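User: I'd like to learn how to read a structure like this one, feature by feature. Could you walk me through it?

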Amino acid sequence: MGKTADLTVIQKTTIDILHKEGKTQKVIAKEAGCSQSSVSKHINREAKGRKRCGRKKCTSNRDNRTLERIVKQNPFKNVREIHKEWTAAGVSASRTTTHRHMQDMGFTCCIPCVKPLLNKRQCQKRLAWAKDKKDWTAVESSKVMSSDESKFCISFGNQGPSVWRKRGEAQNPRCLRSSVKFPQSVMVWGAMSSAGVGPLCFLRSKVNAAVCQDILEHFMLPAADQLCGDAYFIFQQDLTPAHSAKATSTWFKDHGIPVLNWPANSPDLNP
């Protein structure tokens, strides 16, 4: 990336902003992700008021706005589909030009973040839980021993389509892919606290209340002794049927272990 012509719009903007702030060319090159000579040439070009030489651009600003609108409306389409829709709008450009313009606008092709599909009631409960815990101190949080079962997919290539998005749009609703709860997988149970991690338990059968209590007896209690010793702790688990069963609740009461209240369908709240 040694030529000024190779700089993207974002890089040029970054160079201009940092140059106005009085940053050195070395610092600007590092922040913009280009060579120092590219920074120097761009600054000199702007100072002399020289315009870029070469062939005239084949698209107008209006065409570029159309392309950006198409990408934002259909972020899961690939370059071929986006190019086809753009040219159908009356723009004469190659697929390579389409891809380059998308990159200049700041779009990169990424694997979309996965977010649980929540209904209104679940959202309200999550918000109430967060407000109730927002004033917890580090000491209070350190008393919690978090647990969960983690799924490991047997097959690969199941991430789904990539998504076109800009920096800072990872959590934008239009860039998220909905997930399902129960894909075919191998499951492992584990627990952790501020003191470290406990032993793993590989689950070879469906987790029901009996299996859950067996895990608690042979893995959770040793983990609690290892991580918390004789100190008071609160156990955290999600609301799967095996965890919320009456027999499991009775097991916790019999062993005198308090359980943290937990909103449904909230794996992203679990550290």
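Analyst: Let's start with a term: contact means heavy atoms within 4.5 Å. Leaving aside neighbours within four places in sequence, Glu149 is in contact with Met187, Val188, Trp189, Leu203, Asp238 and His243. Before going on, a word on the source: this is a predicted model, where local features need pLDDT of at least 70, side-chain atom pairs count only at pLDDT 80 or more, and totals for chains, interfaces and linings use all residues. Residues are numbered from 1 along each chain as its sequence is written, and side-chain values use heavy atoms, with hydrogens and water left out.

User: Is Glu149 buried or exposed?

Analyst: The terms go by relative accessible area: buried is under 20%, exposed is over 50%, and partly exposed is in between (1.4 Å probe, protein chains only). Glu149 comes out at 13% relative accessibility, so it counts as buried.

User: Which side chain does Glu149 make a polar contact with?

Analyst: A polar contact is a pair of N or O atoms within 3.5 Å; within protein, one must be able to donate a hydrogen and the other to accept it, and residues adjacent in sequence count only if both atoms are side-chain atoms. Here the side chains of Glu149 and His243 are joined by one of 2.9 Å.

User: Where does Glu149 sit?

Analyst: Helices (H or I, at least four residues) and strands (E, at least two) are DSSP runs, numbered from the N terminus. Glu149 belongs to strand E3.

User: Which strands does E3 pair with?

Analyst: Two strands pair if DSSP finds at least two bridges between them. E3 (residues 144-153) runs antiparallel to E6 (residues 185-193), with 8 bridges joining them. Along that pairing, Ser146 stands opposite Met192, and Lys151 has Met187 as its bridge partner. E3 also pairs with E9, in the parallel sense, over 3 bridges; there Val144 stands opposite Ile234.

User: What else does E6 pair with?

Analyst: There are 3 bridges between E6 and E8 (residues 201-203), which run antiparallel, and Trp189 has Cys201 as its bridge partner in E8. E6 also pairs with E7 (residues 196-197) in the antiparallel sense, over 2 bridges. E6 and E7 form a hairpin, with 2 residues between them.

User: Now a helix. How do I tell which side faces in?

Analyst: An α-helix has 3.6 residues a turn, so residues three or four places apart point the same way. In helix H5 (residues 79-88), Val79, Ile82, His83 and Trp86 are buried. They cover an arc of only 100 degrees around the axis, taken from the directions from the helix axis to the C-beta atoms, and so lie on the same side of H5. Lys84 and Ala88, on the other side of H5, are exposed.

User: What covers the buried residues of H5?

Analyst: The cover includes helix H4 (61-73), helix H6 (95-104) and strand E4 (163-165).

User: What happens at the ends of H5?

Analyst: At the start, a side-chain oxygen of Asn78 reaches to within 3.2 Å of the backbone nitrogen of Arg80. Just after H5, Gly90 takes a positive phi of about 100 degrees.

User: How should I read a positive phi?

Analyst: Most residues other than glycine have a negative phi. Asn265 has a positive one, near 55 degrees, and is a residue other than glycine. Asn265 is in the segment after helix H11 (246-255).

User: How many disulfides are there?

Analyst: A disulfide is a pair of cysteine sulfur atoms within 2.5 Å. A search of the whole structure finds 0. Take Cys212: the closest cysteine sulfur, in Cys201, is 10 Å from its own, too far for a bond. Cys212 is buried, with a relative accessible area of 4%.

User: What does UniProt place at residues 65-133?

Analyst: UniProt positions are given in the numbering used here, feature names are shortened, and annotations may be inferred rather than shown by experiment. The unreviewed UniProt entry places "domain: Transposase Tc1-like" there. Over residues 65-133 the chain is 62% helix and 7% strand, with the end C-alpha atoms 44 Å apart.
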